[in-house]
Amino acid sequence: MKKLDPSLFKAYDIRGVAGDNLTAEVVEQVGLVLGTLAFEQGVPALCVGRDGRLSSPELSEALIRGIAGAGTDVYDIGMEPTPVLYFATHYFKTGSGVAVTGSHNPSRDNGLKMMMGGRTLFGPMIQDIRRRVEQEDWRRGCGKGRVERRDAETPYFEKIAGDISLSRPMKVMLDTGNGVTGPLAMKLYRKIGCSVTGLYSSPP
């Protein structure tokens with residue numbers, strides 16, 4: 001592994017150029033540290049979701065390998081927007097999860113947004129992850145955590161749709177810019193009774 005780039009570790013997330021300084025190897029090692037932190041804090045499982053970037057499937061798989069390699073279970077919710085990941089951490093009662101997402105950054109970028117024990121990781125906590133990756137300070141020889149595919153989207157829809165009642169039929173035009181939110185938003189607006197037309201509604 002080439003020398004870890006400390007600039008990956010920002011104030012509120014881990015972010016870099018996928019395949020350059022943010023490689024699958026780096027992300028797997030971050031996963032090992034996160035799985036170890038979960039064990040230390042009594043967290044039984046981490047939820048993992050990803051956005052629609054071309055690099056996200058590989059990085060998500062590497063992250064899951066790392067978390068499970070430290071002996072912590074993983075609930076893989078697949079390709080979903082970050083709010084669904086946060087909902088999953090509540091719904092599945094873990095309070096902990098990682099979104100593989102480049103957020104609003106250019107297409108080559110990607111990153112990790114992290115929660116542990118009900119707290120968003122930021123500042124010194126992210127720098128501690130950097131230190132532990134550099135020192136290879138993670139659990140070893142502890143077997144593999146279980147990886148389960150879980151559906152967070154259905155209960156997310158039910159929760160939102162249960163709070164909305166339209167007073168009249170509506171026609172909605174959605175331009176979601178080919179983001180991961182597109183397919184979910186189309187389904188959600190239809191579920192609450194709207195007639196929906198989509199523009200750029202599919203991820204790349």
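How many salt bridges does the structure hold? The structure holds 14 salt bridges, where a salt bridge is a side-chain nitrogen of Lys or Arg within 4 Å of a carboxyl oxygen of Asp or Glu. This is a predicted model, in which local features need pLDDT of at least 70 and side-chain atom pairs count only at pLDDT 80 or more, whereas totals for chains, interfaces and linings use all residues. Residues are numbered from 1 along each chain as its sequence is written, and side-chain values use heavy atoms, with hydrogens and water left out.

**Nonpolar cores**

- The largest nonpolar core has 35 residues, and of these Ile-14, Leu-34, Leu-63, Leu-112, Met-114 and Ile-129 touch the most other members; a nonpolar core is a set of buried Ala, Val, Leu, Ile, Met, Phe, Trp, Tyr and Cys residues joined through side-chain atoms within 4.5 Å.
- At least two residues of this core come from each of helix 1 (24-40), strand 2 (45-50), helix 2 (56-69), strand 4 (97-100), strand 5 (109-116) and helix 4 (124-134), where helices (H or I, at least four residues) and strands (E, at least two) are DSSP runs, numbered from the N terminus.
- Helix 1 gives the most to this core, namely nine residues.
- If its neighbours within four places in sequence are left aside, Leu-34 is in contact with Leu-46, Leu-63, Val-98, Met-114, Met-116, Leu-121 and Ile-129, contact meaning heavy atoms within 4.5 Å.
- There is also a second, separate core of 15 residues, which includes Ala-45, Ala-99, Ala-152 and Leu-184.

- In helix 3 (residues 82-91), the buried residues are Thr-82, Val-84, Leu-85, Phe-87, Ala-88 and Thr-89; buried means under 20% relative accessible area, exposed over 50%, and partly exposed in between (1.4 Å probe, protein chains only).
- The cover over these buried residues includes strand 2, strand 3 (73-79), strand 4, strand 5, helix 5 (153-161) and helix 6 (181-191).
- After helix 3 comes Lys-93, which has a positive phi, near 60°.

**Aromatic rings**

- Five aromatic pairs are counted, by a rule under which rings of Phe, Tyr and Trp (its six-membered ring) pair if their centres lie within 6.5 Å, with planes under 30 degrees apart counted as stacked, over 60 as edge-to-face and the rest as tilted.
- Tyr-12 and Phe-122 form a stacked pair, with 6.2 Å from centre to centre and 25° between the planes.
- Because Tyr-12 lies in the segment before strand 1 (14-17) and Phe-122 in the loop between strand 6 (119-120) and helix 4, this pair ties together parts that are 110 residues apart in sequence.
- Within that pair, Tyr-12 counts as exposed at 60% relative accessibility, while Phe-122 is partly exposed at 36%.
- Tyr-75 and Phe-92 form an edge-to-face pair, with 5.9 Å from centre to centre and 70° between the planes.
- Tyr-75 lies in strand 3 and Phe-92 in the loop between helix 3 and strand 4, so the pair ties together parts that are 17 residues apart in sequence, and both Tyr-75 and Phe-92 are buried.
- One aromatic cluster is formed by Tyr-75, Phe-87, Tyr-91, Phe-92 and Tyr-156.

**Charges over rings**

- Arg-139 lies over the face of Phe-39, at 3.6 Å from the ring centre; a charge sits over a ring if NZ of Lys or CZ of Arg is within 6 Å of the ring centre and within 35 degrees of the ring normal.
- The ring of Phe-92 has the charged end of Arg-150 over it, 5.1 Å from the ring's centre.

**Salt bridges**

- Lys-113 and Asp-13 meet through their side chains in a salt bridge (3.6 Å, N to O), which links distant parts of the chain, since Lys-113 is in strand 5 and Asp-13 in the segment before strand 1, 100 residues apart.
- Of these two partners, Lys-113 counts as partly exposed at 22% relative accessibility, and Asp-13 counts as buried at 8%.
- A salt bridge also joins the side chains of Arg-132 and Glu-40 (2.8 Å, N to O), with Arg-132 in helix 4 and Glu-40 in helix 1, 92 residues apart.
- Here Arg-132 is buried, with a relative accessible area of 6%, whereas Glu-40 is partly exposed, with 47%.
- Asp-73 and Arg-146 form a salt bridge through their side chains (2.8 Å, N to O), and because Asp-73 lies in strand 3 and Arg-146 in the loop between helix 4 and strand 7 (147-149), the pair ties together parts that are 73 residues apart in sequence.
- Salt bridges that share partners join Glu-40, Asp-128, Arg-131, Arg-132 and Asp-137 into one network.
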